[in-house]
Amino acid sequence: MTNNKTINLEIDGRFFQADEGMTILEVARREGIEIPTLCQHDALEPVGACRLCLVEITHPNWKGWKGLVTSCLYPIEEGLQVTTNNPEIHTARKTLLDLLLARCPEATYIQKCAAEYGITATSFKKREEETTCILCGLCVRVCAAKGCNAIGATGRGITKGIAVPFRQPPPDCIGCASCAHICPTDTIKYTDTEDLRKIWGHKFKMVKCVSCGRPVMPEKQLEFEAAKAGLDAKYLTTCPQCSQDQTLATVQSSFQSKTVPGGSLEVAR
Amino acid sequence: MTKTCVDPKKARKILDRYPSGDGTSLIHALQDIQAEFGYVPCEAAELLCEHLSVPISKAFSAATFYKAFSLEPKGDVVIRVCTGTACHIRGAQTLVDELCSILNVAPGKTTKDLKFTLETVNCVGACAMAPVVSLNGEYHGNVQPGTMSKKIRGGK
């Protein structure tokens, strides 16, 4: 990382330095400049599906040419001048949200985003089949990043959707529910009970925490995670809360057993 | 539901043409499966994915993305009515309506007895003989309304 070239660029009239290879969005976020996104997640490669992160770019050498690009995908370059908000960008984002609202009128998150741009009802014709899926693809990408590839996109164009292969419970699903957690519009549903997690037509048996008895994760996920990390499964059978408590107890006891200069050390829980 | 049970030997024969573990052959192999079975059966896709080390979700995405693949068994006779501009002008819609009422299926669907599949296509490149209907790839030009019933029985 240290031998990376340093790039000078300008965002909203302020000058910044950043490593070569970073995207406009990464630099902007680092500097606390807000750019709205829907399909971006720090843990995943950007794809530029939602187009909401549009910014305007230009360069002193470009003879006045400027254009709108997706900041999540655009790599920074020397002397680049970026504008993250102006009337043109605002209009473009407003149209995008208007279209998303026509597709998913019931999606509360989209309603909220659209309201920020002054849209309370779509100006386009509403989609007839109800959906809240905005096709950002986060669920598919997180599943692939996890190494499962259980779900995927189906069809194309207006019939594109997210589905399980051959409309059957996906054989590669481990029940981790990452897809449901990452979904910005809560389209993917799952239910948890003490013993079972139901997702994508599967019923996964839950593993109970060895110390408190609360459900930790599905058995299939436990096997998967243990194999992936090369760990014994028993290392993963403690719930996050218990594991935190145990670490705390270990730290406390190690402090109590040693003489700390200046008296006893209270470890706040 | 499915008429043909997938013969694993037939599927295996197709798979052997492709090096195992090479995901780039996915589309080619799917095309071969489509040609062999007339559709992409779930079982064949599963065997294929295992052979090529491709997740089944990827095969499903590809198979639903391209119109060349069908996930449902097709009829013995695939009727394709051209609805391109020339055929449309010369009454392709009348032919589609006629076939719909004869076969009692909507375009894109297959009859319950798996004898006929009715499809509409955008242009078969034979505009001079519009309207065109193809029966299992055999082109019939200047088709007159009222003759469809005879044609499809003959094409069986």
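1. Let's start with a term: two residues are in contact if their C-beta atoms, placed from the backbone, lie within 7 Å. Keep in mind, too, that what you're looking at is a predicted model.

2. With that in hand, look at where the two chains meet. Chain A puts 13 residues in contact with nine residues of chain B. On the chain A side of this meeting, you'll find seven nonpolar residues, along with four polar and two charged ones.

3. Now stay with chain A and look at how it is divided. Domain 1 covers 6–85 and domain 2 covers 138–238. Taken over C-alpha atoms, the centres of these two domains of chain A are 33 Å apart. The domains do touch: five residues from domain 1 of chain A and six residues from domain 2 of chain A make the contact. On the domain 1 side, that's four nonpolar residues and one polar, with no charged residue.

4. Over to chain B, which has seven helices and four strands. If you walk along chain B from the N terminus, the elements come in the order α-α-α-α-β-α-α-β-β-β-α.

5. How far does chain B stretch along its principal axes? Its C-alpha trace spans about 50 × 30 × 20 Å. Chain B has 156 residues, and 33% of them count as buried. Here's another number for the fold: take the contacts in chain B between residues at least 6 apart in sequence, and 63% of them join residues at least 24 apart.

6. Next, zoom in on a pair of helices in chain B. Two packed helices are described by the angle between their axes and the distance between the axes. For helix 3 (residues 42–52) of chain B and helix 4 (residues 56–65) of chain B, the axes come within 9 Å and cross at roughly 125°. The crossing of helix 3 of chain B with helix 4 of chain B is right-handed.

7. Which residues make that helix contact? Helix 3 of chain B brings Ala45(B), Glu46(B), Leu48(B) and Cys49(B), while helix 4 of chain B brings Ile56(B), Ala59(B) and Ala63(B). Sort the residues of this contact by class and you get six nonpolar, no polar and one charged.

Technical notes
Residues are numbered from 1 along each chain as its sequence is written. Chains are lettered from A and ligands numbered from 1 in the order in which they are written. This is a predicted model: local features need pLDDT of at least 70, side-chain atom pairs count only at pLDDT 80 or more; totals for chains, interfaces and linings use all residues. Ala, Val, Leu, Ile, Met, Phe, Trp, Tyr, Cys and Pro count as nonpolar, Asp, Glu, Lys and Arg as charged, and the others, Gly among them, as polar. Axes are lines fitted to C-alpha atoms, for helices over the stretch in contact, and angles run from 0 to 180 degrees between N-to-C directions. Helices (H or I, at least four residues) and strands (E, at least two) are DSSP runs, numbered from the N terminus. A crossing is left-handed if the near helix is turned anticlockwise from the far one by less than a right angle, and right-handed if clockwise. Domain bounds come from an automatic or database domain assignment. A residue is buried if 20 or more other C-beta atoms lie within 10 Å of its own, exposed if 12 or fewer, and partly exposed in between; C-beta atoms are placed from the backbone.
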